[in-house]
Amino acid sequence: MKGRSLNPTLVTYNVMLDVYGKKGRSWNKILDLLDEMKSVGLEFDEFTCSTVLSACGREGLLEEAKSFFDELKLSGYIPGTVTYNSLLQVYGKAGIYNEALSVLREMEEKNCPPDSVTYNELVAAYVRAGFQDEGAAFIETMAQKGIMPNAITYTTVIDAYGKAGKEDRALSLFRQMKESGCVPNVCTYNSILGMLGKKSRVDDMMEIISDMKSNGCKPNRVTWNTMLVMCGNKGMQKYVNRVFQEMKNCGFEPDRDTFNTLISAYGRCGSEISASKMHEEMIKAGFSPCITTYNALLNALARRGDWRASESVVLDLRNKGFKPNETTYCLMIQSYSKGGNIRGIERIAKEIYDGHIFPSWMLLRTLVLANFKCRSLVGMERAFQEFLKNGYKPDLVLFNSMLSIFSRNRMYDRAQDMIHFIRENGLKPDLVTYNSLMDMYARAGDCWKAQEVLNGLLEGNGRPDLVSYNTVIKGFCRQGLMQEAMRTLTEMTNRGIRPCIVTYNTFVAGFSARGFFQEVDEVISYMIEDNCRPNELTYTTIVDGFCKAKKYKDAMEFVSRIKEKDGLYGEESMQRLVSRIRENMES
């Protein structure tokens with residue numbers, strides 16, 4: 001253009017900025033264009049500013065966005081609603097709700113009228129930080145200010161409730177949306193289908209699909225991709241294939257998003273080969289892998305805990321010029337956790353704490369749970385403190401995990417703090433909470449307190465499970481209150497809950513510790529009659545009980561009689577028991 005003596009106009013530069021912004025990985029080129037615009041005397045307009053900020057939002061360039069916006073104001077530029085909204089989008093995607101709220105306040109101070117887009121971005125910021133109810137409250141605020149919430153507003157909150165496991169609240173808001181006269185769009189339906197699919201609520205999904213059809217809302221490619229995601233569970237590979245074929249029969253050819261979804265779905269089915277095959281098919285179809293593709297591959301590897309292969313994928317994406325995003329780091333943490341590589345988790349944690357990786361709600365939550373799975377108390381406490389320091393709202397899963405690890409480590413005061421925080425945050429304890437509480441009291445030797453928690457659960461119309469009863473039985477057995485343990489077992493079976501190997505082994509340990517070996521024999525007989533074969537731990541516990549009582553001869557006799565009751569018990573296992581007795585005799 002310049003070679004033909006044609007000078008680029010403001011529109012030309014804005015188009016180029018938009019192209020680079022959508023292309024990605026072009027921040028330096030955007031800066032060069034902005035410098036060139038300044039050098040030829042062109043003033044930025046609303047489109048220029050919003051386009052640059054939108055580019056920052058796509059790439060997660062928070063500091064760059066803030067710096068650009070501050071420079072704009074210093075140069076005398078007065079931002080309009082569109083520019084402010086673009087900045088809100090940057091903070092909204094990162095879940096930095098406090099910064100987003102400060103942008104709204106600045107708009108109000110500058111008499112810049114917020115619109116529905118402003119509030120939608122603000123809602124997005126809050127729900128990304130875990131504040132779903134606060135995000136939903138903005139719907140009422142909008143109505144009071146004469147700004148009608150639209151489908152995007154409702155869908156943002158519905159989707160957030162779904163991701164937080166609050167399906168009933170999401171469906172309630174969906175009904176409220178329709179009652180207010182706001183027509184759900186295909187994105188709304190897709191969010192609800194995805195939410196219900198995760199919980200395998202097939203009947204509810206069918207109702208939503210029926211509602212979708214009756215409202216004349218046609219399924220789009222995302223709908224089909226959502227159905228593929230729903231099928232992406234272990235053992236459902238044939239359903240993935242069927243939905244994919246049906247999608248093509250309806251005239252939808254797979255695009256890059258479909259291939260990414262298929263890679264992820266096959267990965268969740270446990271079929272790494274099919275995931276890799278889809279990756280190859282995608283490239284053959286002419287689609288270049290993007291960060292979502294790499295994350296889909298990482299998802300498949302993370303489920304297997306193959307952190308070495310995951311590291312290779314991250315290295316490849318960096319070499320291709322991509323920048324790891326929040327999902328990438330979350331999946332790497334999960335891969336390290338599944339593979340038991342605590343050092344890998346610590347490396348990413350250090351980058352977060354040192355400020356090299358943005359500490360988002362999802363990333364810190366993943367870090368807490370990964371440390372929990374690896375039973376790293378120190379790592380878990382640090383991640384949880386960082387979570388709170390950033391102003392994020394913990395969900396019940398996080399509180400339950402903290403409660404559980406404090407209980408396991410006999411940190412009962414800290415565990416009680418978690419119970420206080422759960423109530424303080426307006427959350428309702430679930431079965432996992434109650435089970436963790438029972439476990440805490442059982443470990444502390446306060447078996448009657450564990451029984452009280454169980455009674456409270458029953459009185460509140462809760463449904464104790466096998467873990468609940470096993471925990472209370474363990475508490476009584478450890479204190480030698482075998483009659484109370486038997487009473488709890490009877491109560492459990494009367495409620496239709498069958499004992500498992502853990503239940504029986506708990507009784508075996510309780511009777512053996514007190515030298516009640518006749519009762520131990522009765523438990524073994526009952527186990528075999530109940531088709532719950534004793535395992536090596538069962539017999540080891542009994543042998544240890546004999547040895548603790550110095551009854552080595554009785555221990556040998558017991559081992560010699562095992563085959564009479566349990567003909568399937570292996571010879572090698574028998575020899576290990578004999579060796580264990582001899583070691584005790586010699587020590």
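The following legends describe an overall view and several close-up views of one predicted model.

In this predicted model, local features need pLDDT of at least 70 and side-chain atom pairs count only at pLDDT 80 or more, while totals for chains, interfaces and linings use all residues. Residues are numbered from 1 along each chain as its sequence is written, and side-chain values use heavy atoms, with hydrogens and water left out.

**Figure 1. The protein chain has 33 helices and 0 strands.** Helices (H or I, at least four residues) and strands (E, at least two) are DSSP runs, numbered from the N terminus. Taken along the principal axes, the C-alpha atoms of the protein chain fill a box of roughly 105 × 55 × 50 Å. The chain contains 587 residues, and buried residues make up 50% of them. Buried means under 20% relative accessible area, exposed means over 50%, and partly exposed lies in between (1.4 Å probe, protein chains only). Contact means heavy atoms within 4.5 Å. Among contacts between residues at least 6 apart in sequence, 61% join residues at least 24 apart.

**Figure 2. Helix α3 (residues 46-59) is largely enclosed by the rest of the structure, because 10 of its 14 residues are buried.** The buried residues are Thr48, Cys49, Ser50, Thr51, Val52, Leu53, Ser54, Ala55, Cys56 and Gly57. The buried residues of α3 pack against α1 (10-23), α2 (27-39), α4 (62-74) and α5 (81-94). The expected span of a helix is 1.5 Å times one less than its number of residues. For the 14 residues of α3 this span should be 20 Å, and the end C-alpha atoms are 20 Å apart, which agrees. At the N-terminal end, Asp45 caps α3, with a side-chain oxygen 3.2 Å from the backbone nitrogen of Phe47. Gly60, whose phi is positive, near 70°, follows α3.

**Figure 3. Glu106, in helix α6 (residues 97-109), makes a side-chain polar contact with Tyr84.** The two side chains approach to 2.9 Å in this contact. A polar contact is a pair of N or O atoms within 3.5 Å; within protein, one must be able to donate a hydrogen and the other to accept it, and residues adjacent in sequence count only if both atoms are side-chain atoms. Not counting residues up to four places away in sequence, Glu106 touches Phe69, Lys73 and Tyr84. With a relative accessibility of 18%, Glu106 counts as buried.

**Figure 4. Cysteines are shown in a structure with 0 disulfides.** A disulfide is a pair of cysteine sulfur atoms within 2.5 Å. Cys187 is in no disulfide, and the nearest cysteine sulfur, that of Cys217, is 8.7 Å away. Cys187 counts as partly exposed at 44% relative accessibility, whereas Cys547 counts as buried at 5%.

**Figure 5. Arg375 and Arg410 have positive phi values.** Most residues other than glycine have a negative phi. Phi of Arg375 is near 55°, and phi of Arg410 is also near 55°. Arg375 is found in the loop between α21 (361-373) and α22 (377-389), and it counts as exposed at 61% relative accessibility. Arg410 is found in the loop between α23 (396-408) and α24 (412-424).

**Figure 6. The second largest pocket has a volume of about 480 Å³.** Of the 22 residues that line this pocket, the closest to its centre are Asp439, Arg443, Val467, Thr471 and Lys474. At least two lining residues come from each of α23, α25 (431-443), α27 (466-478) and α29 (501-513). On a 1 Å grid over the protein atoms alone, a pocket is an open set of points where a 1.4 Å probe fits, with protein on both sides within 12 Å along at least five of seven lines; lining residues have an atom within 4 Å of a point. Grid points are joined across faces, edges and corners, and a volume is the space filled by probe spheres set on the points.

**Figure 7. Lys449 lies in helix α26 (residues 447-459), and Asp18 lies in helix α1.** Lys449 counts as partly exposed at 31% relative accessibility, and Asp18 is partly exposed with a relative accessible area of 23%. The C-alpha atoms of Lys449 and Cys290, 159 residues apart along the chain, are separated by 54 Å. For Asp18 and Gly135, 117 residues apart along the chain, the C-alpha separation is 30 Å.
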